Amino acid sequence: MLNDEARERIRLAALRYPEPRAALLPALHIAQKEAGYVSEDAMRFIAGQLNVPESEVFGTATFYSLIRRSSSGRHVISICHNLPCTLLGAEPLIGHLKSRLGVDEGEVTPDGRFSYQRIECIGRCDGAPAMLVDDDYHGDLTPEKIDGILEKYA
C-alpha cells in the first residue's frame with residue numbers, strides 16, 4: 001500500500017482542483033512513483049480519496065500505457081511502435097531490445113534493472129523511432145544507439 005507521504009500528496013493533489021476527480025492522473029502518478037507501479041489496493045485508495053467509482057480509477061489506469069499495473073524493472077523502457085516509428089524500424093529495434101535484455105516484453109531482467117513495453121505513441125514522431133527510459137526521451141534510434149543508452153543506465 002502507499003506510505004503516509006504518498007497518501008498526503010494525493011490528498012493535497014485533490015485539493016488543488018475544484019473537482020477532486022480532476023486529480024485522478026496526478027494521484028496515479030504519485031502511487032506509481034511510490035511503488036514503481038499502481039497496485040489494485042492503491043487504485044482502491046485513490047477511488048476513496050477522490051470519491052470516484054473504483055471502475056473509473058481502474059479504467060483510467062488501464063487506458064494509459066504509462067501507468068504500470070505490475071512490478072517492473074528499476075528502469076522502464078517504453079518503446080513506441082505507432083505507425084511512424086514502425087515505418088522507420090521500431091519492430092527490429094524491439095527485437096534487438098529483447099535480445100539484448102534477454103527477457104520478453106513486460107518481464108524484468110534477472111538483475112532487476114530493466115523491463116520494457118511497447119506503447120502506442122510518445123508524441124515524438126520527429127525523432128522516430130523513439131523510446132523513453134523512465135521519463136528520459138531518446139530518438140532516432142539504432143541498435144547501436146540503444147546499446148549506448150542501456151550502458152548509461154547500467
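Me: Helices (H or I, at least four residues) and strands (E, at least two) are DSSP runs, numbered from the N terminus, so where does L87 lie?

Reply: L87 lies in helix 5, which covers residues 83-87. Before going further, note that this is a predicted model, in which local features need pLDDT of at least 70 and side-chain atom pairs count only at pLDDT 80 or more, while totals for chains, interfaces and linings use all residues. Residues are numbered from 1 along each chain as its sequence is written, and side-chain values use heavy atoms, with hydrogens and water left out.

Me: What is the mean pLDDT of the protein, then?

Reply: pLDDT is the predictor's confidence in each residue, on a scale from 0 to 100. The mean for the protein is 93, and 100% of its residues reach 70 or more. Confidence is lowest in helix 2 (residues 24-35), with a mean of 92, and highest in helix 6 (residues 90-101), at 97.

Me: How many helices and strands are there?

Reply: The protein has seven helices and four strands, and from the N terminus on, their order is α-α-α-α-β-α-α-β-β-β-α.

Me: Back to L87: is it buried or exposed?

Reply: Buried means under 20% relative accessible area, exposed means over 50%, and partly exposed lies in between (1.4 Å probe, protein chains only). L87 counts as exposed because its relative accessibility is 65%. Together with L83 and L88, L87 makes a nonpolar surface patch of about 350 Å².

Me: What goes into a patch like that?

Reply: A patch is made of residues with over 30% relative accessible area and no salt bridge, where like charges are joined within 9 Å and nonpolar side chains (Val, Leu, Ile, Met, Phe, Trp, Tyr) within 5 Å. The areas come from the Shrake-Rupley method with a 1.4 Å probe, and for residues only the protein chains shown count as cover.

Me: New topic: why is strand 2 largely enclosed?

Reply: Five of the six residues of strand 2 (residues 114-119) are buried, so the rest of the structure largely encloses this strand. Two strands pair if DSSP finds at least two bridges between them, and strand 1 (residues 75-80) is joined to strand 2 by six bridges, with the two running parallel.

Me: Which other residue forms a salt bridge with R44?

Reply: E54 does, with the closest N and O atoms 3.8 Å apart. Because E54 lies in helix 4 and R44 in helix 3, this pair ties together parts that are 10 residues apart in sequence. E54 itself is partly exposed, with a relative accessible area of 39%.

Me: Where do the residues of the E105 and R118 pair sit?

Reply: E105 and R118 form a salt bridge whose closest N and O atoms are 3.2 Å apart. The pair links distant parts of the chain, with E105 in the loop between helix 6 and strand 2 and R118 in strand 2, 13 residues apart. As for networks, salt bridges that share partners join E40, D41, R44 and E54 into one.

Me: What about aromatic pairs, how many are counted?

Reply: Rings of Phe, Tyr and Trp (its six-membered ring) pair if their centres lie within 6.5 Å, and planes under 30 degrees apart count as stacked, over 60 as edge-to-face and the rest as tilted. By this rule there is one aromatic pair. The ring centres of F63 and Y64 are 4.9 Å apart and the planes stand at 90°, so this pair is edge-to-face. F63 is exposed, at 62% relative accessible area, whereas Y64 is partly exposed, at 36%.

Me: Last one: which residues does a cis peptide bond join?

Reply: Most residues other than glycine have a negative phi, and most peptide bonds are trans. Here a cis peptide bond joins A128 and P129, with omega about -5°, and P129 lies in the loop between strand 2 and strand 3. On the phi side, N51 is a residue other than glycine with a positive phi near 55°, and its place is in the loop between helix 3 and helix 4.

Definitions and conventions. Salt bridge = Lys/Arg side-chain N within 4 Å of Asp/Glu carboxyl O.
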